[in-house]
Amino acid sequence: MDDGLTATEALRVALHHAVTELGGLGGMAHLADPSGDRALRLVVTTGLPRTFTQAWEDIKRDEPGAPARAARGGAFAWSSLSSPESAAYPAPGSEPRFRTCPSVAGMAAVPLPGPDGPLGTLSVLTTAPGEPSSDQQVFLQMAARWAANRLRGASQPPSAAARGVSPTLSGAQLQQALNTVMVGTWDWDIRTGDLTWSDALCAIFGVHPDTFDGQIETWTGMIHPEDLPWVLAALDEAIRSKSMFSAEHRICHADGKIRWVQVRSRLLLDESGEPAYMIGTLWDTTEARFALDRVGRALWHMSDGFIAMNDDGKITFLNLEAERLIGSGQKSLGRVLWELPTVTTPDLESRCRQATDEGLSAEFDVRWPANDRCYHVRLVPVPEGMTMFISDVTEKRAREAEQAAAARAAAERAARIGELTSALASALTLRDVMNVTAARLSSLFIATGLIVYRIENNRLRSIGSVGYSQACIDSVQSKDPATIPPIVEALESRAPVFICSPEEYLRVFPDMAELLAVSGKRAWAFLPLLAPDHRVGCCVLGFSQPRRFTEEEATLLNAVGSLMAHALERARLYEAEHAHAQELQRELLPHELPSLPAVTAAARYMPAGKEMEVGGDWYDIIPLSSDRVALVIGDVMGHGVPEAVTMGRLRTAVHTLAAIELPPEEILYILNDLVSGLGDDSYATCLYALYDPSTRICTLAGAGHPSPAIVHPDGTTFFPDIPTNPPLGAAEPPFETLDVRLPDDALLVLYTDGLVESPTCDLDSGMAQLATSLTTSWKRITCYACDAELELLCDSVTGALLPADLQTADDAALLITRVKSFDRRDMSSWCLPEDPRAAGVARQHVREQLATWGLDDLAMTTELLASELIGNVVRHAKGPIVFRLLRSRSLICEVYDRSLTTPRIRRASETDEGGRGLQLVAALSQRWGTRYTAEGKCIWTEQPLPAGAPTSASTMSAVGSMTTLG
């Protein structure tokens with residue numbers, strides 16, 4: 001720095017550096033008064049408002065604050081706002097000194113070192129709540145030493161400095177330092193009126209020290225006439241109230257110049273407590289005042305409104321724009337802002353007070369009622385109170401609202417496009433694609449009509465429409481796409497074709513006036529639906545009013561067309577595959593259930609879901625000899641075509657094994673070997689039931705399958721305890737069986753586990769629900785005596801256990817049969833002797849029984865069949881011999897013996913005397929065969945009843961029905 005730096009400049013430079021280093025708000029420099037009490041007098045400030053510094057004009061040495069402690073102890077001192085001493089400095093109005101600047105958190109002070117003690121102090125106010133670091137303290141002390149050296153150098157006579165004499169600072173020299181920084185001091189004896197001025201004060205007033213008369217009237221006479229009344233009033237009030245005096249007013253120099261000065265003083269009381277002296281300081285504020293005036297002039301013409309308020313909300317300044325908004329400045333100055341009738345902003349007072357208390361800026365928008373425009377208000381707390389900036393943001397907010405609306409519309413459209421994409425991706429059928437498109441695409445573009453055409457065999461076929469008349473659809477249906485110009489253009493250009501009005505339509509496609517008339521629309525968008533290698537079709541969007549299509553809409557519609565094309569292709573492939581799967585399933589399951597004397601039946605097959613139309617569940621009813629019936633149900637574990645093929649193999653094997661009259665346990669034994677040969681991961685469950693209507697005994701054998709349900713005619717339902725066997729492919733024979741006697745009209749219900757078991761329902765709970773549903777439904781259905789009782793029962797059970805909205809993970813099969821037994825009038829049996837007479841006895845029984853049944857026409861043929869069968873037993877087997885006739889839909893002749901030898905037809909030569917008996921049996925009967933029993937075997941024949949023959953009692957009471965798959 002220049003050696004010629006003045007003391008004021010040196011102190012201000014030191015303060016600037018100290019404030020910067022500590023990151024403070026501002027700083028103060030005090031010098032010790034040369035009088036006896038050596039009080040600290042404020043001489044220089046930086047960065048601090050007058051409302052704050054006026055409380056620090058004079059500091060007594062015995063005060064607890066940081067500057068006083070630094071001056072007393074000659075070392076660094078710190079005062080925190082939260083410390084007790086922070087509230088110990090009363091400012092005018094008995095307010096704590098720190099309160100006028102709420103952002104201050106503490107004050108750091110260091111002494112200005114001198115040879116005989118501190119010359120004064122440097123103080124920095126900071127926002128940091130903690131004490132400055134050691135490095136910052138060292139820096140602050142170095143700045144103070146530098147300033148003290150400069151201060152002593154500026155105060156010392158040049159000759160002494162030149163001689164290198166060590167400077168000392170006497171009382172007179174300290175006063176000279178005060179004069180140097182242009183802070184005048186004065187003492188006024190109130191009782192005598194004598195006034196003592198310092199040289200600096202004389203210089204400020206433009207009075208030579210030698211000519212000053214030391215009278216208070218001389219001072220008051222130099223006060224500007226406009227300011228004199230209120231200055232004297234304030235001075236009298238300070239003396240009367242024994243408080244500090246503070247004022248800023250104008251003075252008039254003898255040469256006519258006008259300057260601004262700031263005055264601060266305090267009273268000294270005599271022994272009786274009455275004011276005796278007033279001592280204070282005064283400094284020139286002309287430049288600062290002019291600077292403020294320049295700022296005021298700049299603010300006055302600012303385009304935004306500007307209002308300055310004090311702590312109470314009273315307006316101290318407002319510019320031209322603010323006057324225009326809230327009223328004339330002369331009427332508003334000094335009034336509380338939120339009490340003005342033109343200011344109706346809600347919560348303005350609370351917002352201002354909150355910003356002042358928190359020391360934080362606040363911003364908000366208001367609608368000004370006078371002109372209905374939108375203004376942005378910004379509140380900025382300042383030490384003197386509050387400033388308010390008011391900016392007209394009507395157009396800006398309108399633009400922002402438009403941009404926000406556009407952004408919301410874009411976001412909403414993107415969300416809808418995402419929903420459409422997701423929905424099209426999950427659509428399985430052509431109808432699904434149409435429903436998704438109609439539900440979402442029309443609303444997305446506010447269309448009032450939609451048609452989706454698919455190209456099949458070079459013809460357009462509508463797969464769905466919304467908002468178009470049938471006449472419009474028929475006008476395009478089944479036409480060659482090449483005959484519809486807008487569709488041709490869209491397909492060839494591979495881009496949407498937009499027609500914005502009927503006039504444009506007729507101008508571009510004059511030959512399509514007929515289609516325009518029936519469409520009922522006034523704007524159109526033709527979207528080509530294209531696959532990579534072929535044309536899929538076209539989607540036509542119609543609008544009720546003419547409209548222009550933006551570039552963004554064109555891009556979106558082009559993307560939507562591509563999504564629809566891929567969705568239609570997937571749907572076409574799915575429907576083709578679905579049709580093949582359904583055809584395969586139909587071929588693998590019975591086309592229709594046979595109508596038999598012993599049972600009537602109904603069945604249902606429910607696939608697991610849309611993606612698994614083919615499964616491994618199956619059921620079957622197999623007619624056997626003597627009106628016996630085999631009821632089979634099974635489940636190949638897994639889903640899909642391989643499982644369905646395995647199911648078909650098992651069903652074929654069951655048919656083959658049942659046809660050779662093998663018992664249930666042997667059939668399961670062979671099936672187990674068959675499944676084991678398919679691989680280690682192949683398993684299947686199976687339940688085989690053999691019902692004999694002549695004995696009403698049902699033989700049950702299962703392999704890992706749930707027990708069937710038996711419903712008695714009164715509705716009672718129970719599950720027989722069949723032997724537990726592992727599934728086919730994992731079982732180890734032999735298989736155990738269970739014989740159950742069934743009453744007439746009892747229901748035998750066979751099902752797979754998919755009907756009663758799910759992730760949310762275990763097998764036992766599902767079987768309990770099945771029993772409840774069977775009992776309740778059967779009692780309700782039988783009350784109406786409906787011919788389709790079993791069909792209704794199937795629907796009721798599946799509806800209760802597998803609702804339409806329930807997504808299952810396993811397919812399910814249900815087979816419900818109602819059993820009938822032979823009427824005793826339709827059965828006759830005899831025990832025959834084990835000799836050649838047995839054939840004759842049998843013929844006699846045949847003649848008598850057939851005469852009783854009215855079947856005399858079959859007597860001769862039946863006698864021959866009985867003779868041959870019994871003759872074979874006598875010659876080749878062993879007794880006892882049992883002969884039985886059954887009348888059903890055919891005449892059944894049975895011969896039982898104790899031999900396991902199987903009779904076989906052989907070709908006899910011309911010279912053989914025997915070997916032609918079974919050939920005769922085969923020629924005379926409709927069917928014949930052999931089956932094995934627990935004691936031996938049975939050879940049986942069936943003969944058709946002649947036309948017009950009496951119907952058996954069993955057939956008359958039975959209800960036969962031809963049922964189809966559910």
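Predicted model: local features only at pLDDT ≥ 70, side-chain atom pairs only at ≥ 80, totals over all residues.

Why is strand 28 (residues 684-692) largely enclosed by the rest of the structure? Nine of its nine residues are buried, so the rest of the structure largely encloses strand 28.

Ala-684, Cys-686, Tyr-688, Leu-690 and Asp-692 point one way, and all are buried. Thr-685, Leu-687, Ala-689 and Tyr-691 point the other way, and these are buried too.

Strand 28 has antiparallel pairing with strand 27 (residues 629-639), over eight bridges. Here Ala-630 stands opposite Leu-690. Strand 28 also pairs with strand 29 (residues 697-703), again in the antiparallel sense, over seven bridges. Tyr-691 faces Cys-698 of strand 29 in that pairing. The hairpin of strand 28 and strand 29 has four residues between the strands. Within this hairpin, Arg-696 takes a positive phi near 60 degrees.

## The second largest pocket

Strand 28 gives the largest share, three residues. By class, the lining of the second largest pocket has twelve nonpolar, six polar and eleven charged residues.

## Ser-890 in strand 37

Strand 37 (residues 890-897) includes Ser-890. Is Ser-890 buried or exposed? Its relative accessible area is 9%, so Ser-890 counts as buried, the cut-off being under 20%. Beyond its neighbours within four places in sequence, Ser-890 is in contact with Glu-942, Gln-943, Pro-944 and Leu-945.

Another part of the chain holds an open sheet of five strands, in the order 15-14-18-17-16, with antiparallel pairing. Strand 15 (315-318) and strand 16 (362-368) stand at the edges. Each has a single partner strand, so one side of each has no neighbour in the sheet. Neighbouring strands of this sheet are turned by 20 degrees against each other on average, direction ignored.

Strand 14 (residues 305-310) and strand 18 (residues 385-392) share six bridges in the antiparallel sense. Met-309 has Met-386 of strand 18 as its bridge partner. Two helices lie across strands of this sheet. Helix 14 (residues 394-426) lies across strand 16, strand 17 and strand 18, at about 110 degrees to strand 17.

How many cavities of 30 Å³ or more does a search of the whole structure find? The search finds five. The largest cavity holds about 130 Å³ of space. Of the 14 residues that line the largest cavity, Cys-472, Val-476, Leu-515, Phe-526 and Val-540 are the closest to its centre. Strand 19 (449-456), helix 16 (470-476), helix 19 (513-519) and strand 22 (523-530) give two or more residues each. Helix 19 provides the largest share, three residues. The lining of the largest cavity has 13 nonpolar residues, one polar and no charged.

The second largest cavity has a volume of about 90 Å³. Its lining includes Trp-186, Trp-188, Trp-219, Phe-245 and His-249. At least two lining residues each come from strand 9 (183-189), helix 8 (216-222), helix 9 (228-241) and strand 11 (245-252). Nine residues of this lining are nonpolar, two are polar and none is charged.

## Helix 3 and the whole chain

Helix 3 (residues 66-73) has Ala-66, Pro-67, Ala-68, Ala-70 and Ala-71 as its buried residues. Their cover includes strand 2 (40-46), strand 3 (58-59), strand 4 (77-80), strand 7 (106-112) and strand 8 (120-126). Gly-74 follows helix 3, with a positive phi near 65 degrees.

Overall, the chain has 29 helices and 40 strands. Of its 966 residues, 50% count as buried. Among contacts with a separation of 6 or more, 59% join residues 24 or more positions apart.

Technical notes: Residues numbered from 1 in each chain as written. Heavy atoms only, no water. Buried < 20%, exposed > 50% of the residue type's maximum accessible area, 1.4 Å probe, protein only. Contact = heavy atoms within 4.5 Å. Pairing = 2+ DSSP bridges. Axes fitted to C-alpha atoms, helices over the stretch in contact; angles between N-to-C directions. Nonpolar A, V, L, I, M, F, W, Y, C, P; charged D, E, K, R; others polar. 1 Å grid on protein atoms, 1.4 Å probe; cavity = no way out; pocket = protein on both sides within 12 Å on 5 of 7 lines; lining within 4 Å. Points joined across faces, edges and corners; volume = space filled by probe spheres on them.
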